[in-house]
Amino acid sequence: MTRLYNDPQAFADEMIDGFVAANSRWVRRVSGGVVRATRTEPGTVAVVVGGGSGHYPAFGGLVGRGLAHGAAMGNLFASPSAQQVHTVAATAHRGAGVLFSYGNYAGDVLHFDQAQERLRAEGIECRTVRVTDDISSAPADRADQRRGIAGDLTVFKVAGAAADAGYDLDGVVRVAERANERTRSFGVAFSGCTLPGADAPLFTVPEGRMGVGMGIHGEPGIHEADVPSADGLAELLVSSLLGEVPQSVDTVRGARVGVILNGLGSVKYEELFVVYRRVAQLLAEAELEVVDPEVGELVTSFDMAGVSLTLFWLDDELERLWGAPCDTPAYRKGALEPAELIDDTELAAETAAEIPPATAASRQVADVAVAALATMSRTIDEHVDELGRMDAIAGDGDHGIGMQRGVHAAVDAARAAHAAQAGAGTVLALAGDAWADRAGGTSGALWGAILRAVATEVGDERVPDAAALARGMRAATDAVLRFGAVVGDKTMVDALVPFADELETAVGDGAGITAAWARAADAAAAAAAASADLMPRMGRARPHAEKSLGTPDPGAHSFALLMRAVLTTTTNGRNAS
Ligand SMILES: Nc1ncnc2c1ncn2[C@@H]1O[C@H](COP(=O)(O)OP(=O)(O)O)[C@@H](O)[C@H]1O
Ligand SMILES: O=C(COP(=O)(O)O)[C@@H](O)CO
């Protein structure tokens, strides 16, 4: 239970404010996260990590000398937006390129990839190493689909130490990839976490039972088992990890391993030490040599009661980097010379978006666009709990709150742009940017892309006709398809593609805007409902495919709801604003 909060929606921002105020020796706040407070030598590769908030010390607590140069800090359990990641990276960059490293989650991938594209377009070399240590989230032959959990730390630590030791970007990428390939984790949970303002935990486990193979959000475990003794848990964790030794490790006997016994949030240190006692014995029995073990909270999940074990199979170079000194708010090793602190004024300030000129006709269309977004916002408010419940079946339960955060920000941005005399294209584009930026997560990236694509077609001059709207929704579909899902993967694509197809067909049949949109909204609703029979192949729900059978995909369902809501705006005009 999270008891101490003000406005739940402001929790992440207020948490970051307090974190920065308490840790000015290590970090400085920038829009979207934090960077090191100490000056980094020009010509050093910048290691930028990040992810959703709610996992402290991941990710801001790991910024400092010998570790990360910056962390993009998203909302609770939602990836930071591309804009946030870009700002942190551009601020941290010291002329030698940027390495992005983060846990492999759909929202993080979408947003960090977009930020990477932007940096590259600006001439900043940028590479990515995703952490995939959780062996329960996909089989070994699909290790690239695994989630990142407490193994984040080994990869970030090695990359940060290499960068500060003067490795070039290729070198930092090489050791980070090797660290990831040689890191394996496995976790269990006894109870879920309750996000600020929520009245129930994201998941529950029956008394006396535990979820085996849990992630760091509300993702269900792979199966359930009785809670064992501390020694029994140690045996389960160690045997699971020794069952999957990385291929590059020649012999287990005599191998040297970094070890992390990680508490997920509300397992006491004392309990962890009792478990670690047996872990150490078992590793010694397997003739492994433990190097610099860590027992504590390194990647958490709010107040979730859970434990994970990580083995990091070292070689000489990785061992040197794992053991190198570092100094961050939450993780310190060895001793470093004092370093010069930078001043806040050296950090780039945000600039307000410019409003391009628009015709009077387009400003009137902007009025309808604002009304449509306001209707969408009310629709999400009405369905927020339902969307959360749907997402909790096989995902992390945050689809409702993520959509709500995004659509509220979109309406605010649209109203502000409209008041500043923006045309419809600019209103929609700024709404899309705000949606992506405030919501983060997968749905933030998707809706940002949709609104921006429609905005380009609508522009700031003309009054779009039905054909222009059909072209806009086709462009939006193409933009979403670029994120990699195809029809049948059980994602929003399953509703979006039939919507765009039917809109085009109806317009081709000569239907007017309202009639064409109604046909398309019906097609989207039918397709979203039919997604209940599909097995997910993308996103957070994928590792729990069978659990999601019988429930529609939340992203497809919310898309269909919103398309129907837009229809009520276009038929009722301004009453929706
Ligand atoms: N590659 C993709 N393309 C289109 N939609 C996707 C993709 N991956 C996931 N989704 C959609 O995103 C929805 C989840 O959004 P959200 O709750 O923001 O996710 P998360 O919490 O994982 O970031 C899913 O229901 C699905 O519709
Ligand atoms: O959950 C996180 C980001 O992934 P999403 O796919 O946006 O949910 C975050 O907590 C870990 O980085």
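Among the contacts in the protein chain with a separation of 6 or more, 73% are made by residues 24 or more positions apart, where two residues are in contact if their C-beta atoms, placed from the backbone, lie within 7 Å. This is a predicted model, in which local features need pLDDT of at least 70 and side-chain atom pairs count only at pLDDT 80 or more, while totals for chains, interfaces and linings use all residues. Residues are numbered from 1 along each chain as its sequence is written, and chains are lettered from A and ligands numbered from 1 in the order in which they are written.

**Overall fold**

- The protein chain has 17 helices and 14 strands, these being DSSP runs numbered from the N terminus (helices are H or I with at least four residues, strands are E with at least two).
- The radius of gyration of the protein chain, taken over C-alpha atoms, is 24 Å, close to the 25 Å that the globule rule gives for 577 residues, so the chain is as compact as a globular protein of that length; the rule itself is 2.2 Å times the number of residues to the power 0.38.
- Taken along the principal axes, the box filled by the C-alpha atoms of the protein chain is roughly 75 × 55 × 45 Å.
- Of the 577 residues, 58% count as buried, a term that requires 20 or more other C-beta atoms within 10 Å of the residue's own, whereas 12 or fewer make a residue exposed and counts in between make it partly exposed.

**Helices α5 and α8**

- Two packed helices are described by the angle between their axes and the distance between the axes.
- The axes of α5 (residues 169–181) and α8 (residues 316–323) come within 11 Å and cross at roughly 95 degrees, the axes being lines fitted to C-alpha atoms over the stretch in contact, with angles running from 0 to 180 degrees between N-to-C directions.
- The two helices α5 and α8 are therefore roughly perpendicular to each other, a label for angles of 65 to 115 degrees, while those under 35 count as roughly parallel, those over 145 as roughly antiparallel and the rest as oblique.
- On the α5 side V175, R178 and A179 take part, and they meet E317, L318 and L321 in α8.
- The residues of this contact divide into four nonpolar, no polar and two charged (Ala, Val, Leu, Ile, Met, Phe, Trp, Tyr, Cys and Pro count as nonpolar, Asp, Glu, Lys and Arg as charged, and the others, Gly among them, as polar).

**Around ligand 2**

- Ligand 2 is surrounded by 16 residues, of which the closest are G51, G52, S79, Y105 and G107; a residue is near a molecule if its C-beta atom, placed from the backbone, lies within 6 Å of it.
- Two or more residues of this shell come from each of β3 (46–53), α3 (106–121) and α12 (441–458), and α3 gives the largest share, three residues.
- By class, the shell has four nonpolar, nine polar and three charged residues.

**Backbone features**

- Most residues other than glycine have a negative phi, and most peptide bonds are trans.
- A cis peptide bond with omega of about 10 degrees joins Y56 and P57, and another, also with omega of about 10 degrees, joins A58 and F59.
- P57 lies in the loop between β3 and β4 (70–76), and F59 is placed in the loop between β3 and β4 as well.
- F77, in the loop between β4 and α2 (82–92), has a positive phi near 60 degrees and is buried, with 29 other C-beta atoms within 10 Å.
- D292, in strand β11 (residues 289–296), has a positive phi of about 45 degrees although it is not a glycine, and with 15 C-beta neighbours inside 10 Å it counts as partly exposed.
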